[in-house]
Amino acid sequence: YMKVRRNVVLLQAAYRGMLVRKQLRCMYKPAKVIQTYSQMHKQRQHFKKLRWSAIAVQQQYRACQIGDVQVRHYNSLRKAVVCIQAFYCGIKTRELVEKIKAARHIKSVLMMCITRKHFLMQKVAVVTLQAAYHGYRSRVHNRAMRQAVISI
């Protein structure tokens, strides 16, 4: 019996080991793909940094060549754009504030209606329960009175 048991355990261990190795093989392939894409992403980022640096150097060189006239023109355009953006941002912010106020008002009215409806439903339920309870008490009282009258 012990030999058979040991052989069975050995077979089970071998089979389980085979399953684990098979699962690991299935996991290695996606891991390799992920590592490859990660490496590719890293290299692309490095390339983009180098490219950006080259473009920046080229732009600075060209800006120096063009001179102060271009810089002043750019600064005046930039100031105008910032002014327009600030104006537009202010308009949009005020519109958003108005929308938020309207939404709050709508929400408060809706919550009031929901709460009132819930309250009225509870009120109807309470009145119904009270009526049933009072009816029950009256019937018990009347029954007791009839019993008292009968026993006299």
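Tyr 28 is located in helix α1, where helices are DSSP runs of H or I with at least four residues, numbered from the N terminus. This is a predicted model, in which local features need pLDDT of at least 70, side-chain atom pairs count only at pLDDT 80 or more, and totals for chains, interfaces and linings use all residues. Residues are numbered from 1 along each chain as its sequence is written, and side-chain values use heavy atoms, with hydrogens and water left out.

**Exercise 1.** Determine whether Tyr 28 is buried or exposed.

Solution. Step one: buried means under 20% relative accessible area, exposed over 50%, and partly exposed in between (1.4 Å probe, protein chains only). Step two: Tyr 28 has 55% relative accessibility and therefore counts as exposed.

**Exercise 2.** Describe the position and contact of Tyr 61.

Solution. Step one: Tyr 61 belongs to helix α1, residues 2-66. Step two: its relative accessibility is 53%, so Tyr 61 counts as exposed. Step three: the Tyr 61 side chain is 2.6 Å from that of Gln 65 in a polar contact (a pair of N or O atoms within 3.5 Å; within protein, one must be able to donate a hydrogen and the other to accept it, and residues adjacent in sequence count only if both atoms are side-chain atoms).

**Exercise 3.** Which residue forms a salt bridge with Lys 92?

Solution. Step one: a salt bridge requires a side-chain nitrogen of Lys or Arg within 4 Å of a carboxyl oxygen of Asp or Glu. Step two: the partner of Lys 92 is Glu 95, with the closest N and O atoms 3.4 Å apart. Step three: both residues lie in helix α2 (residues 68-151), three residues apart.

Notes
Helix = DSSP H or I, 4+ residues; strand = E, 2+ residues; numbered from the N terminus.
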